[in-house]
Amino acid sequence: MNSKIIFSLSIFLSSLIIFSGCKKKNETILGPEYGAAPADFSVVNNKFDAYNIVKTSGFTSGIPTKAVNIQTNHQYYKTTFSHKVGWKLTISSWKSNAKKVFSGYSDFIDETNAKWDGGSSNDYFFGYNTTNDSAEVKLTFTGSSFYIRDTIKLTSMKNYHMEIFNGVSHYLVDDFEGTNPAGTFSSFYIDQQDIGGGNEGNNAYNLVKCQGNFSYKMRGIDINNNTYLGSCNTPTLNDIPANTFKETDPNKMFVNLYIFGTGRPNTTVSVIAYENDAEHGVGVSLNQTINDKLIYQIAVDWTGWKLYSFKYSAFRKPNSGGGLGNNRLNPERLSGLAMELDSYSAPGFDVEAYVDMVVVTENGTFQK
Amino acid sequence: MKYKVGYIVFVFLLSVCSTSYAQVKFNFNGLGRAIVTSNKIGGETLKGDTLSPSKGLSGYTVFDLQPNLIINNNIKANVILRMRNPFGSFYGANTLFSFRQFQIMGKIGKVVEYEIGDIYLGGGMTSYTMYKPFEMNHEFESDIHSQRRSVAEYENFVSGNLWRLQGVQGRSNFGFNKGIKNLGINIFAVRTNASNEKSIPDRIMAGGRIGIVQSEYLAVGLNYVNLLDVTVNQDEVEYSNSVLTGDVKLTLNRDKFLVQLNGELGSSNFKNVQVYNDSTVQYTDYVTEAGIKGVYKPAKVKLFATYRSVGAQFSSPSAQTTRMNVDQPNSLFTRISGNAVFRNQNIYDRLTDEQSYNRSISAVLYNFLPQYGNITPYGDATPNRVGISVGLGSDTSAKIIKVEARADMFNEIIGEGVADKRKYAAYRGGLVFNFGDLLKINRKMSVNTGFRQETTTRGGNAPIDFKSTLIDLGATVEVFKQFDVLVGTKLLAASGNEYLSVRDQFNLLSDFTAYNLDLKEQIISLGLRLRFSERSYLTGTYNTSTYKEIQSNNYNYNINQWFFNYTLAF
């Protein structure tokens, strides 16, 4: 019996030795650093001044008019605190629900820690109706009810087309405002056998949108149970000029679009890509029989807006009508896009989705 | 859909087996319950508010019928057919028929016990691997409150620290003559989230335990749980989180005393791949526990001490998912302040609301309210804790008096948002005195009291000083044969400041929200109970609940409720 006890004890002690030999973490702080404002905290001279930096030249100036052009300028506030403190700078659009949040732990704010390029932290964009948005700027401090606020007027929207943010190139296919270089998506081609099911598409729908004034609405009932409700496309399917995209690796090019889901089951938005394999000239309608057509299906099973990004490599040839191009994924040859509303995987349903800001990016996903 | 398939299978089994097997046994059990409540809300917050509902009469009748089919030891099956009728509907209008449970179980080759369908998980596993942590110190709450809690627990399939999920489970035990005494194996696989067959993958949880009893002195075990996505063609996220621990128990059991040493060591591995942009978040962390327990049998007294270190990024969803969801809107008087603001959860909601329980495993830690438990809101597996627990109490064989006192002293391992670490202290305990047993009068007569006090402090740049105290008092007196008078109260006071953590999709801290509170809560309950059997009874209780945030009239209200409950279990 004693040998059993000794054996058992030795097993237990061995376990404890293993316990003590475990690797421990070297981190000193978990999460973002912060600190509370002490009782005698103050903003030095109560100064909270707004500045502009011209994006192209870097020229900096004050903004006494409080009018901010976020298309051409960066914007920042400059202020100094009596103590190092945790702070949060929140810019909130009055009209579009857009919100941009900066936070930090320091005794100052300037262009090094809160430079705003017009982007947002949520799924909405600033600059509603281009020149008709204003925003509240509110600076709050950790552990304190004290705050400073300001109001600015936004005279433009942030431009994404042909811009590079964080090393990611952006090509705006359509924001449904009717002013896009690549042309706008067509009106909705409804499955004729679904007519009577309240089917509609509206490429200038202004009640639900995350950017600007309009989104693209797709809605209807799949009466004939063939899953297809309708589709739309860029005008000629050959609307993006050759050499626009440099990326040849389909894993490094992305299609990004904002989709608003309403919770209707089986709602699927299919994104269809067309490649100009036959090297048609610009403006010549794409011959679908001699060029590749690719499809990617998005199950819209959420409610509200969501940025959906996927790799070009996720495109597949459809079961039929895939075209006879070179049968390879050539992202650099992307020449046009189409969108389709489906009742999938179960046919026959009442389905609905809204799309805004269709952007193709290279070297990363959409940078808000 | 899943229940339709289950029902068809069950009916098929029933019809085939009942005609084919002469020895088939078939029996029923179930539960019928009728509940009626009359509710009223008032107080400063409701003054002048003509939009928020302030009165209500509600309730329901449920009848759960469970046919059990026992073909032989190899195949048994049961379902629970539920009929639920809301209070106030006539002639069966709005009656809901549903299947509440589907189970097939039995033995394969006299060696493996199996269960398929709705199963309980966690039996025999540890509090770091598969465990539903308790939400507050209600072990010593009054009879009137624990009976009320049991209604919500029944509706949510709550059974101790077990999780109720849908899947398959197998158990086997092997006895040996040499080397070891016994080898036990328990494995399971369940699905916690269904695929949309396109972009969202099935999420399954699989694991088990191997336990070896080497002798009366030594037992060791290995526990493993993996929560992971089964990849689909267009998935957006590929998630996996595995937890592996080993435990050892050394026991010396003599006539007068028992001494037990125990330890557990393990690690978790979190991985989240964002497929669309090829980014991966991955981290590993550890858990260690070592403890000693002693029982002096003649005095029926036990003592214990436990050291615990749970890494800051230790991730074990099946042991860290909270019992209650504080973000779930309350069923009772959901909105206040002009019907515009969701009423915050209080202890009365936590006691009574059938909708506030979590029913599945979450990959991200849920939010919690510090006043209801700040030290270990996610149970023993609460991440970022190191410290000791010591306590003493009555042995489980004590019938007349059940008493326990316990102290927990913990620190954070790594500061959250600041270099300074929180320090936690908790003192809790309670007493149940069955004086009916002491007087040998064969009547149910008991008094109880429970106490829990927690303090959280931190110095430095973001100081914290938060304290909460919870007191339970109650009594049950059987004045006539099987007719009881019940009284009970819960008092909660919490004050100070804290910072609530905000976590991102990777379960990492992404922000902190300042939280200031000066709160007093109280429930006073009085009732009568007529018992027909151990599980069948009729109760009528009056409950008054007060929630008062000092210095804020926005949250200063009281809820009064009449509650009638007729329960018949067979």
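Trainee: Where in chain A is Asp301(A) found?

Mentor: Helices (H or I, at least four residues) and strands (E, at least two) are DSSP runs, numbered from the N terminus. Asp301(A) lies in the loop between two of chain A's strands, E17 (293-299) and E18 (303-311).

Trainee: What kind of model is this, and what pLDDT do local features need?

Mentor: Residues are numbered from 1 along each chain as its sequence is written, while chains are lettered from A and ligands numbered from 1 in the order in which they are written. It's a predicted model: totals for chains, interfaces and linings use all residues, side-chain atom pairs count only at pLDDT 80 or more, and local features need pLDDT of at least 70.

Trainee: Which element gives the most to the side of chain B that touches chain A?

Mentor: Each chain puts 35 residues into the contact. On the chain B side, the elements giving two or more residues are strands E10 (237-253), E11 (257-274), E12 (279-296), E18 (415-416) and E23 (509-531). With five residues, the top contributor is E23(B).

Trainee: How many charged residues are on that side of chain B?

Mentor: Asp, Glu, Lys and Arg count as charged, Ala, Val, Leu, Ile, Met, Phe, Trp, Tyr, Cys and Pro as nonpolar, and the others, Gly among them, as polar. The side of chain B that touches chain A has 19 nonpolar and 12 polar residues, and the charged ones number four.

Trainee: Which residue in E18(B) is the bridge partner of Leu30(A)?

Mentor: Two strands pair if DSSP finds at least two bridges between them. Strand E1 (residues 29-30) of chain A and E18(B) have two bridges, in the parallel sense. Leu30(A) is bridged there to Glu416(B).

Trainee: Within chain B, which residue in the turn between E4(B) and E5(B) has a positive phi?

Mentor: Strands E4 (residues 96-108) and E5 (residues 112-121) of chain B run antiparallel, joined by six bridges. Ile108(B) faces Val112(B) across that pairing. Three residues separate the two strands of this hairpin, and the one with a phi of about 60 degrees is Gly109(B).

Trainee: What is the radius of gyration of chain B?

Mentor: Chain B has five helices and 25 strands. Taken over C-alpha atoms, its radius can be held against the globule rule, 2.2 Å times the number of residues to the power 0.38. The rule gives 25 Å for 570 residues, so chain B is as compact as a globular protein of that length, with a radius of gyration of 25 Å.

Trainee: How far does helix H2 of chain B reach from its first C-alpha to its last?

Mentor: The expected span is 1.5 Å times one less than the number of residues. H2(B) (residues 143-155) has 13 residues and an expected 18 Å, close to its actual reach of 19 Å.

Trainee: Which residues of H2(B) are buried?

Mentor: They pack against helix H4 (347-352) and strands E21 (464-480), E22 (483-503), E23 and E24 (537-549) of chain B. The buried ones are Asp143(B), Ile144(B), His145(B), Gln147(B) and Arg148(B).

Trainee: Which are the edge strands of the open sheet in chain A?

Mentor: The five strands run in the order E11-E14-E19-E16-E17 (chain A), with antiparallel pairing. Inside it, E14 (residues 228-233) and E19 (residues 334-343) of chain A share five bridges. The strands that pair on one side only are chain A's E11 (189-190) and E17.

Note on methods: Contact = placed C-beta atoms within 7 Å. Buried ≥ 20, exposed ≤ 12 C-beta atoms within 10 Å, placed from the backbone.
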